[in-house]
Amino acid sequence: MAGWPPRIRANSARARFEMNTVPKEHKIFLPLCIFLLLGLFAVAPLTRPGFPSTAAGFRPVWRAAAFWACGWPAAAGPEGILRGDGPLPLALTALLTVSGMSTPAAVKAAFALAYLLAGVFLFLWLAPRWGKEAALVAAVVYAFAPYRLSVSYVAGGLGEAWALALYPLAAWALDTFRHRATWRRGVLAIAAWGLLAFSQPGLALFFALCAGLFFLLAGEYKALIPLAPALPLLLWGAFQPIAADFSDHYPYLFQLFSAAWSTAPSAPGWMDEMPFQLGLVPLVLAGLGAATLLSRRPAAGTRRWAALMAGLILLVVLSLRVGDGFWKISHLASLLSYPWQVLGIVTFGLALLSGAAVREIPALRTPAWLAGLVLLPLLAVYGYLMPAWTTIEPHAAPVGLFGEHQIALVDYRFEGTLQPGEHIALDVVWQDLRPLEADYTVFVQALDSANTIWGQRDIQPREGELPTSTWQPGQIITDTYAFDVERGAPAGGLHVIMGFYDVNTGQRLPANAGDHVLLTFPSPADAVVPACAGGIP
Amino acid sequence: MSMAGMKRLAARLWDPYLALVLLLSLFALGPLLNPGYFWGAHDARHSVYFLFEFDRSIQEGILYPRWSPDFAFGYGYPFFNIYAPLAFYIGEGFHLLGMGFVEAVKAVFGLSVLLSGAGMYLFLRRRFGRAGALLSALAYVYIPYHLFDLYVRAALAESLALAVLPFVLWGFHEAVMRPDWGSIAGAGMAYAALMLSSNLITLMFTPVLALYVLFLVLCRLNDGQPFRGWSTASILPGAAHLVHLAVPALLALLLGLGLSAIFWLPAILEQPYVRADQWLAGTYDYHDDFVYFFQLFSPYWGFGVSGAGPDDGVGFQLGAAHLALAFLALLFLGRLKDAGARRFVAFALAATAILVFMTTAPAAAIWERISFARFAQFPWRYFSLVAPFLAGVAGVALAAHGPAGEEEQHWPAWAATALLVGLVLFSSYPYVRAEIREPAEGPVSLAGLMRFQRTADEMTGATIWTKEIPKWSPMADLFINGQDVTTRVDYSWVPQNEILAVDSREMSSVHEKVWVWAVDDQQAVRFYRFYYPGWKAYILDENTEEVLAEAPIETTGPYGLITVPVPQGRHILLLRFEDTPPRRAGKAISAVSLAGLAALTLLRAILMRGGRRHD
């Protein structure tokens, strides 16, 4: 059975040349180390003190902290089993915290590990087949693909970052099985896909679907066997509810080719600032690879490559609004949070085609050209490697949650004493987790045991200058609310609550304790414990 | 020389790749070609006013200035006694050719850029081939720290030192690998140039250079007799051979030290007499300026300042293309055919790793233990040593580009060269910019110098006799009002009555002659000058101006001003800044070294000519 990716044929002139240039002994340790060193560019921002300020906010931290206490799927968050973070990255993060790391540091380490592992898997898969130069280029293109940077540093999706890391492993395992179908390889392929499923179940199922279609188109029917266990799960997943705002987040075609970069979260409409670019360099190199592959004679493996290219084009189409009908009819949108998540697989495919260009054109394997091809993807995105950052230290869980997990109270601190006649200032750190439509008013009240109000402050955030409808997911808002405790208040037994309400309706946003959060004095308890039942954002 | 000889020489010197280095360096000069100047850069004002003050001494006929009379608001400061002067000699040359001070400083910056590329190219041409050397040279010109030095810091002395570093490496490499008088003389002159460009960089670089020389010597020793074949009996002859191999480099070092002794000898011996506390504490405390790991890779670039924490207003990146090419050099190292190239790359990679480590917080323990390390002030200053090594290895990708293969003939090597050169330039191009602005102090003048010093605390240098750093002075008032200072006698301290009368007769930046009449031996004359070794006072005969006696010098007041007790009667008091024994010794050593260098070079030329005739 012919291998995929195609191995070099020993009976052609090209193959003879390649046999001479690709060392048989496959000395891949050094180039792998080079890849890891180059990968430092991608993960170095994670070594900065603090935490990346992404659309996900501190959710990965809170979910990881909740993993031991609440288990999975509770820790997956309100997105649920399919679209929430899988147990693998959460467990890994939790394990790292056992070794003494803080949870934010462990989450950052998990992101970094995902980043590097993706390239490692891709390199280890391709190096023996295509040569270390092609594998290095593919790994570097994948490492510095704009979409991957966007997932880690803009969206902040830990589960998806791990899914992107495990696509190459799953593909490697499937290819190994396709090359020679043994039960051992079948188990390994299922295990690799299982790891992917434990990272982000919805994306894993969609990957299995794509892989299955690819093998069908390529005529590699045997390779479908390890994917069989995914079929019932896929059917089950297809009947799960679709994310409410799925259809609002189709990227526009121009966004896939736009050079714009920002750290803003995804928003409905063409003004969406979240970067969706496929990357100039991956597209150019993949185009070069595609052109070379399709024009070569003899056309060994052309069907597979054609299937890959067609599949990538189809996925790009499905990420756009024109694919809306497909998602509605198939109900497969239930697997994804946003349609643009299919771009992760496109990115992976572009990396493969980029590596194929090096494999097909021997001159590109010479040091000078190889250096250029390694530099290009890095330099193309270098300016993006400056994510937004916060130095706020989150607790193990949000101190309070408001609305439908829309606002998190990250931290607070009182200044003053809760006594009659005292002036109290409350410094608060909010984080927006999901968009809010109304402009809510914050209330802070000092109550006695009979819930009599002895001091209060009602005001929109930042004295009305930062209404909640303008808050962006992941945004951190610091604010101060000051009030006086009336002189006639009882000397003891006072407590402070805070919450949000709509000034038009008087309706309060739901919160921890019904419609408000009880604040301990002068700051949250040392160990804020995650509330497992619906308390993990 | 005949016309044919000239043509032969020109043909020998002409190298299109070197011309390309210079041509492509022009992008880095872009901001210097702007009519304005980046006055807001950290040391932009310093560079201009250092040259301004240097020029004032030169205009007075002082060929080796040491005392800067107008610094410290006119109290004076031995600035060029402790600060390397080469950049200012070059700048003065441009100024004497008709350039303004700002233009002259910009010309020195520009020259340093061109020299740095040329030096790196010439150093690596033999090892990497022309294309590889071209890439390394341009990588050096465009390495972000170099641009940071030019346009964010405007550090004139350090920029010039960066230009000299490749010549030093080249010289010592040749002195070890191909020892002859030419290489020894070249290395010695390059080292002297480095010392005269920046004593700080020299202090930091010399241990690295010593390790490089040791590395090369050990490599040569191994070439002669591989270490694995050594026995205990080999140790003694081996050690002797090691010393023998190291002698040319040692001679070069001695020559370099000798040529530059005019500067470093007094600088070292008399540095303890200036206050260094304001340069080593506060803003200059190195503890606050360690580089975070992420900053080495961050694309951030700014024109702010370095401070405690990760939010520095400046970028400390090593350069994306540079670092990536260095990583790839590891991959291509085995493909290099030239052993010298492989050795340089191996050393350069190790040096880069160690020197980069020195800029980060984990190296704090080393900083604590090395007493002179704190003089570097900012740990990131070690990037100036990283630059030649990191940029040097960039060319490996082209040096390792093997002979054209069967199918490679369709891919000419020049295309790959163009791609990599383009990428290196492209990676740094966004940082080739400066913040051009108007000078807040007004035109370059003494008034401007006073305003500048008032806004830059650390500029007010002081000697150890100064207990209180002045914030202003009566001379500064005069300068600001556009008036000349015709005497530095402190008339507010001299009563000018029936007890004592003084009249300043003559003054320059380094002397003053004062007619004095004192009613008794209890009187003294005070000058608005900081005391520093070298200031001498003499009592002269009023009529013949013959020296009658040397007068003692005391320091008085919180500023430690020069105060000279005068004897009873009418005399001329001469106060003069003179050479101290270290200065005289330094001058003598430099003169002897220079004479020796000239004589030996001449002798060699004569012998070679004789040898050719004999042949």
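Colleague: With which residue does B:Arg335 form a salt bridge?

Modeller: Please note that this is a predicted model. Across the interface of chain B and chain A, the rule finds two salt bridges. In the one formed by B:Arg335, the closest N and O atoms are 3.6 Å apart, within the 4 Å cut-off for a salt bridge. The partner is A:Glu133.

Colleague: Which element gives the most residues to the side of chain B that touches chain A?

Modeller: The elements that give two or more residues to this side of chain B are helix 19 (396–399), helix 20 (413–428) and helix 15 (320–332) of chain B. With 10 residues, the element that gives the most is helix 15 of chain B.

Colleague: How many residues on the side of chain B that touches chain A are nonpolar?

Modeller: Chain B brings 38 residues to the contact, and chain A brings 35 residues. On the side of chain B, five residues are polar and five are charged. The number of nonpolar residues there is 28.

Colleague: What share of the area buried between chain B and chain A comes from carbon and sulfur atoms?

Modeller: Six residue pairs in polar contact are found across this interface. The buried area is about 3,400 Å². Carbon and sulfur atoms give 81% of that area.

Colleague: Is B:Leu419 buried, partly exposed or exposed?

Modeller: B:Leu419 lies in helix 20 of chain B and touches A:Trp369 and A:Gly372. A residue counts as buried under 20% relative accessible area and as exposed over 50%. Because its relative accessible area is 22%, B:Leu419 is partly exposed.

Colleague: How many of the residues of helix 8 of chain A are buried?

Modeller: Helix 8 of chain A covers residues 146–155. Its buried residues include A:Arg148, A:Ser150 and A:Tyr153. The helix is followed by A:Gly156, whose phi is positive, near 75 degrees. The number of buried residues in helix 8 of chain A is 10 of 10.

Colleague: What is the radius of gyration of chain A, and how does it relate to the globule rule?

Modeller: Chain A has 18 helices and 10 strands, and its C-alpha trace spans about 100 × 45 × 40 Å along its principal axes. For 537 residues the globule rule gives 24 Å, and the value for chain A is close to this, so chain A is as compact as a globular protein of that length. Its radius of gyration is 26 Å.

How values were computed: Residues numbered from 1 in each chain as written. Chains lettered and ligands numbered in written order. Predicted model: local features only at pLDDT ≥ 70, side-chain atom pairs only at ≥ 80, totals over all residues. Heavy atoms only, no water. Contact = heavy atoms within 4.5 Å. Buried area = accessible area lost by both parts, 1.4 Å probe. Salt bridge = Lys/Arg side-chain N within 4 Å of Asp/Glu carboxyl O. Polar contact = N/O pair within 3.5 Å; in protein donor to acceptor, adjacent residues only side chain to side chain. Helix = DSSP H or I, 4+ residues; strand = E, 2+ residues; numbered from the N terminus. Nonpolar A, V, L, I, M, F, W, Y, C, P; charged D, E, K, R; others polar. Buried < 20%, exposed > 50% of the residue type's maximum accessible area, 1.4 Å probe, protein only. Rg over C-alpha atoms; globule rule 2.2 N^0.38 Å. Lists of a residue's contacts leave out its neighbours within four places in sequence.
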